[in-house]
Amino acid sequence: MSADNKTYWKSLEEYEQGGPSGERAAVEFVDTPLRDLSEPGRRDFLRAAGFAFAGAALTGCGRAPVERVIPMLRQPEGITPGRPYYYAAVCGGCSASCGVLSKCRDGRPIKLEGNPEHPVSKGGLCAVGQASLLGLYDSLRLQQAMARGRSAPWREVDAEISRALDSFRKQRRAVRVLTQTITGPALSSQISTFLASFQDARHVVYDVLSASPILDAHLRTHGARVLPRYLFTKAAVIASFDADFLGTWISPVEFTAAYSAARDVDAQPARSSWHIQFESRMSLTGTKADRRIKLAPAEIPAALEHLAVRIARKAGSAVLPGAGSRSPAPEDVMDDLATRLWNARGRSLVVCGLASTDAQVLCNLVNHLLGNYGSTLDVDAPSNQKQGNDRELMALVDEIKAGGVAALFIHGLNPVADLPGGEELARSLARVPLLVSLAPHLDETSSLARYLCPARDPLETWGDSEPVAGVAAISQPAIRPLGQARPAIESFARWSGVDAPAYELVKGFWKERVYPRQERQQSFDVFWKKSVEVGFALVKPQSPTLKPFDLSVVKPIDVVPPSGNGLALVLYANVAMPDGRHAYNPWLQELPDPVTKAVWDNYASLAPATAERLSLKNGDVVRLEASGTAIELPVLIQPGQHEQVVAVALGYGRSVSARFAGAGPKWLERRPTLGPNGKVGVNAAPLIGWENGAVQYWPGDVKVTSAGKRQLLAVTQDHHSLTVPKHLDPGGGPRPIVQETTLGALHSGEAKHEGAHTPSETDLWPDDHPFTGHRWAMAIDLNACTGCSACVIACQVENNVPVTGKDEVLRNREMHWIRIDRYYSGPPDDVEVAHQPMMCQHCEHAPCETVCPVLATVHSAEGLSQQIYNRCVGTRYCANNCPFKTRRFNWFEYSREDRLANLALNPDVTVRSRGVMEKCSFCVQRIQDARAEAKRQNRALRDGEIQTACQQSCSAKAILFGDLNDPKSKVTERMKSKRTYRVLEELNVRPSVGYLKIVRHHEPGKGEGRHG
Amino acid sequence: MNSRLLTIVLATGLFFSALYLLTVARPVHLPGNQQDYEPVQPVAYSHRLHAGELQVQCLYCHFNAEKSRHAGVPPAAVCMNCHTMVTASFGAVRSEEELATKENRKPRTIVSPELRKIYDALALDANRKPDPARTPQPIAWTRVYKLPDFVYFDHRAHVNAGVACQTCHGPVETMERLRQVPDLSMGWCVNCHREATRNGVGGKKLFASIDCSTCHY
C-alpha cells in the first residue's frame, strides 16, 4: 500500500548496484590530483607568486579607482534608476508566442517573465523562452547588412535588391519567401503585400518541428487547413500518441498550465485527469503519464487504428469495420482506454504527434466520434502556432534544385541544417540569383546568401502576434537596438517601396485590421494604448470556414509491420534545444535534459536491453546509417525506451555552436566542450525522411555499428545524490526522498504521514531562535511538476549563475542553484518517473551553518539560510555537510569576458568570484525589494507579492513561496495538505521547503499492471 | 664599543622614523576605506549654497531616494527648474546692472561659467532654449559614496524610516564640495542598525535587521 517501499534510482549503475555507485556519488567533490605531491609544482609557484603580488598590491594601494556617475539629462516619467520596469512583449523563443513581460533595469532587459494575464500562456515561460534573453546580448549576432560577404550600408543593399526584384518582376520570374510559422499578422500581411506585386510569388512556411500532417488531416476532415486549439484543462481523459505536449509539441507552456490545472487534486472538487501515453522513446510527457505504453514506431499508428475501431464500434459508426492486424498494445489496455474515453465523451482528448496524415485523420475521427470538437478541441478559434506546409516545402526545394527560383528570402530558418539533403540544397541555394537571408547569425544557410539583412531581436522591435485566433498580442521593444539590424517587417516594407518604421507598420495594421474586430473600445488610440500596456487584446476570432466532418476520407492506415529484429530510428526534439535556432545559447546547452540529464551533446539513446544485445555501453560511439547517410554519435542508455528504437535529438551540430570552443574556465587540465566535429553534438537532420507529403522524423530502419571509439558524455543524473552509498550504510534501506500516494489513499485520508518519520522534538535552538516576523517557506507540488526545467533557467538568469562548460560538468561542477532530480522506479525496461526540484532547503537546523568556521553561512531571523560571499573563505565544509547537496562552489572565476552578455546580469545579485560557495537564496533580493517597497507604501507585505524566479516561470504552478507565519497565506495552507512531507525528515534538519506527494492513479504493484 | 654606538644610532633612527611614519601614515586608510574622499567635480556645485544657505530640501534634487535603492544624482533638467531664470550669482548680476546703468545700456545676461556647463550639457542656446544643432551630453560626476559590489544599500528603506540624510552623509549643507564623512565600514552600518532597534529613529520604534542578507545577497 505505502508508496514508500518503492525503490527509486537515478541511473542504471545505481539500479544494478542497489545504491549510488562510484566516487561520483560518494563524495561531494571529484578532484583530480594535479601532480606528484613530492615536487614543487605549478601550485607552489603560483602561491609564491601570489604572495609577492599581494605584497606589491598592498604597498601600492590607496584610493579605490575613480568611478563616474552619469545621471540622465531628463528623467522620463515612470522610470527611476534602480527600479525595474516592465514591458509587455511576445516571446520569440518559438512559434508558440507566449506572452512575456520583459523586466528592464536602466534601459536594458535583464529577465523575461511570463505575462500572468496572457490568455494563452497564463504566466508561465519555458526554459527556451527564459534563455532567449541571451539572444539579444549575443555578441556574435550580425549587427549590420552585408552584401557578398562584406558589410554594406542598408541603402546600398536595398537598392541592389530592389533592382534585382524589378528585373524579376518584368521577366515574371519566381520570387519566394521562406519562413517559419509567423504568428504576427502584421508581418504576414506585409509579406503578402510584398509578394503581391509579382506574377509568380509564393510564401512558403515550414516548421522545423512540423505539425503539417495535423493541418493536412483537418483539410481532409473539416475542409480547412486548421490547427485546433487543444484545451487540456477540460480533458478528463487524455490519450497521446507520441505527442510530447508537455515538452516540445506546439505550445508546451499553454499545455502544461492546462494539464496541471486538470490534475489539481487540491481543487474543489478535486480534479485528476487520466493520461495514457503511447510512445517509443522516453519523452517528458511520457514521464508524467498515468499509463505509458511503449511501442515500436510502426506500432503506434496501429494502436491508434485499434482505438479508432473500438470507438467507432461504441459510437455505432460503420466507418471503420475493423483493424487489419493484431493490436500491438494489449487488448485489455485498448478496451479500457476506449471505455474511459467513451465515458468521458466531450471531456476527453486524443492527441497525435505522428507525421502521417492518415494517422491524424484517424485521430480526428476519434475526437469527432467522442464529441470533443467544440469542447476540448477548438477549431472555430484555432491555433496559429504551427502553419508549416511540408508539401509546399518539398515543392519549393525541388524548384530550387531545378533552378526555377530567381529570388529567395529566408527568414527565421536554416534549411541547410534543418532539412535532409542539406549539402545538395546548399549547392542549389548557392545558384539562386538573389538569395537574401534575414537570419541573425552567420549559419549554414545565411553564409550562402548574397545579401544578409539581419532581423532585429524580438526585444528590440515592435511586433505583434495572434497565437490563437482572437488573442492578438503586441510586442513592445525593451531596449534601443544594439546594432544596425533591421526588423523583418521593415525590410519587407522597404522592398515593397514603403519606408516606415516597424512601429508605424504594426500600428497601421492594427488600426486597419485588428481594431475593427472588437467593439469594446470606441477610439483606436485608447484601444492601442490599452493593448500595448497589457500586451494583448481579445478580438473577434476570424473563424475558418469549416465543413461538417467528412467521414468518407477515413480509411484504414497501412500498418508497416515491425521489421523483425531491426532497429528503427526516432528523431525527436529536445526540451532544451527544440530546434537548432538556439544552438548559440550556452544556458540552453548546459541545461540538463529533463529525462536523460545530459548536457552539451546529443546522443543515440538505446534501451538497456538493446545496448546489452549490441554490447554497447554509455559513451561508446556508434555509427548510425539511415536514409542513405550516416552519422556517428555516443550511446546513452535510456531506461523505459522501446527495445527496437534508436532515438537521436535534432537541433545539434550547428555551425553557430563552434563558438563554444573556449567555453569553461581556462586551466591546464581542461577538456574541450566541443565534439570531434568542432561543434556541440552532431546534426541528425540528414537522417530525416521525406515521404507522403510530410517530413518524417521516423525514417524507418537504422543500421547501428560500433565505431570503436568512446566519447565522454556529461550526464548529471549521478551528481549530487541524496542516497547514501551502500558501502557507507550497509544496513540502511532506501531513504524517503520522493514520496507518492494514490488517489484512493488520498481520498480515504490514509495519506497523512503514512510511513513518514515523525519529526523529532529535539530542538537545536530551544528558546533563542523564535521566528516572530516573517518565516519564508516554499511548498512544491511534485504532482504538478512536469520536470520541464524552466525554473532552472529562470534561476540562472535571475541569480547570475555562470555557465561552466562540458568539462566542468563532467567533474560534478555545474553551478545551477536549482536542479530537477529525476528518479526512476521499477525495472529498467518499464520505469515510472518522478521529478523533484531540489534547491537549498533553508533548514531550520541547517547542518551547513554549524560547520562554517568563519560564519559565512548563518540563519536569518526570517528562516533563510544566508550565504555571505564576502565572508566565505571556501573551506567547502558546508557543502560536505549538506544532506541535500544543493551548495555550489566557484572553482574558478567563471567567464565574464563577453561584455555584451554581461548586460544580462541581474544588478541586484552579486557576481560571485572564485573560491566562494553559493546556493539558492530564496531570491532574497526579491524579498528585500518587496519589503522596502511595502514599507515605502506604508503597508504590510501581501501574500503572493514575492514570487521567486523559479515560481514565476513555472507553468504548472508547482512552486509556491510565502510566509509560514501568516496563517492565511497560500503556502501555509499548502503545507497543511495531507500530501506534504519534508525530504529526509528523519535527520531533524527541519527544511523550510515542503514537498507534496505525487498522486498516482493506480496502486503500486497491483491493480492496473503496467505494460512492459 | 662600536656595536653599542651602532645600536644606539639604529634605535634612535628607528624611533624617529616610526614617529615620522605615524604622522605621515595617519591619513592613509586601509584598502577600501574612502573616508574623507573629496574629489573635484566637473561642475563646481555647492551644497553649502543650495542646501545650507538657500535651504533647498535634499529630496528636491535627490528625489529618487524615496522610491529607489539609489538616491541618484539629479538630472540636469531639475537644475533648470531654477536656473532657467537664475543664470549667475546675485552679486554678478547686480554689478552688471550697475555697470549697465553707468554706461546707459540694457544689462546683458550674465551666465556663470559653472552654469554654462549645465546649459551646454542640455544643448541649450543663449536664450536657454533647446538648440537642435547641438547634441545633449550628460554630465559625468565623480562618485563619492561607493559601497562594494556585494553590498546592497537601499535609500528607500532608510528615507521612509525617517533616517535623516545627514546621519550617513554628514553636514552636507556646510560643504562647498562634497566629502565622504563616514568610513562606510560594516561595523558603522551595524552599530547604527543596533542603535535604531534599541532607541528607534526620531522617536519612532522600529526594527532594523542585522541579518547578513539585509545587505548581502
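**Entry 1. Chain B as a whole**

What share of the 217 residues in chain B is made up of buried residues? I looked this up in what is a predicted model, and the buried residues come to 18% of chain B.

I next recorded the secondary structure of chain B, which consists of nine helices and one strand. Along the sequence, the elements of chain B follow the order α-α-α-α-α-α-β-α-α-α.

For the overall dimensions, I noted that chain B has a radius of gyration of 25 Å, whereas a compact globule of 217 residues would have one near 17 Å. Along the principal axes, the C-alpha atoms of chain B occupy a box of roughly 90 × 55 × 35 Å. I also looked at the contacts in chain B with a separation of 6 or more, and 60% of them are between residues 24 or more positions apart.

**Entry 2. Where chain B touches chain A**

How many residues does the contact take from each chain? I found 38 residues from chain B and 34 residues from chain A.

On the side of chain B that touches chain A, at least two residues each come from α4 (76-83), β1 (141-142) and α7 (155-160) of chain B. Of the elements on this side, α7(B) gives the most, with three residues. By residue class, I recorded 19 nonpolar, 11 polar and eight charged residues on the side of chain B that touches chain A.

I then examined the strand pairing across the two chains. Strand β2 (residues 68-69) of chain A is joined to β1(B) by two bridges, and the two run antiparallel. Within this pair, A:Val69 faces B:Trp141 of β1(B) as its opposite residue.

**Entry 3. The three-stranded sheet of chain A**

I turned to an open sheet of three strands in chain A, ordered β3-β4-β5 with antiparallel pairing. Its edges are β3 (85-90) and β5 (108-114) of chain A; each has a single partner strand, so one side of each lacks a neighbour in the sheet. From one strand to the next, the twist averages 30°.

Strand β4 (residues 99-105) of chain A pairs with β5(A) over six bridges, in the antiparallel sense. In this pairing I noted two lysines, with A:Lys103 opposite A:Lys111 of β5(A).

**Entry 4. The seven-stranded sheet of chain A**

In what order do the seven strands of this open sheet stand? I read the order as β7-β6-β18-β17-β16-β8-β9 (chain A), and the pairing is mixed. The edge strands are β7 (150-151) and β9 (201-205) of chain A, each having a single partner strand, so one side of each has no neighbour in the sheet.

I followed the pairing of β9(A) in more detail. Strand β8 (residues 174-179) of chain A is joined to β9(A) by five bridges, and the two strands run parallel. A:Leu178 has A:Val204 of β9(A) opposite.

**Entry 5. Strand β11 of chain A**

Why is strand β11 (residues 237-241) of chain A largely enclosed by the rest of the structure? Five of its five residues are buried, so the strand is largely enclosed.

I checked the two faces of this strand separately. In a regular strand, side chains alternate between the two faces of the sheet. In β11(A), one side carries A:Val237, A:Ala239 and A:Phe241, the other carries A:Ile238 and A:Ser240, and all of them are buried.

I then listed pairings of β11(A). Five bridges link β11(A) in parallel to strand β12 (residues 274-279) of chain A, where A:Phe278 is the bridge partner of A:Phe241. Five bridges also link β11(A) in parallel to strand β14 (residues 348-352) of chain A, where A:Ser348 is the bridge partner of A:Val237. Together with helix α9 (residues 252-261) of chain A, β11(A) and β12(A) make a β-α-β unit, which is right-handed.

**Entry 6. Residue A:Ala846**

A:Ala846 lies between β35 (832-838) and α25 (847-851) of chain A. Is A:Ala846 buried or exposed? I counted 26 other C-beta atoms within 10 Å, and a residue is buried if there are 20 or more, so A:Ala846 is buried.

Leaving aside residues up to four places away in sequence, A:Ala846 touches A:His859, A:Ser865 and A:Val989. I also noted A:Leu764, which is 82 residues from A:Ala846 along the chain, with 9.6 Å between the two C-alpha atoms.

Note on methods:
Residues numbered from 1 in each chain as written. Chains lettered and ligands numbered in written order. Predicted model: local features only at pLDDT ≥ 70, side-chain atom pairs only at ≥ 80, totals over all residues. Pairing = 2+ DSSP bridges. Helix = DSSP H or I, 4+ residues; strand = E, 2+ residues; numbered from the N terminus. Contact = placed C-beta atoms within 7 Å. Nonpolar A, V, L, I, M, F, W, Y, C, P; charged D, E, K, R; others polar. Rg over C-alpha atoms; globule rule 2.2 N^0.38 Å. Buried ≥ 20, exposed ≤ 12 C-beta atoms within 10 Å, placed from the backbone. Right-handed = clockwise from strand over helix to strand, strands pointing away. Axes fitted to C-alpha atoms, helices over the stretch in contact; angles between N-to-C directions.
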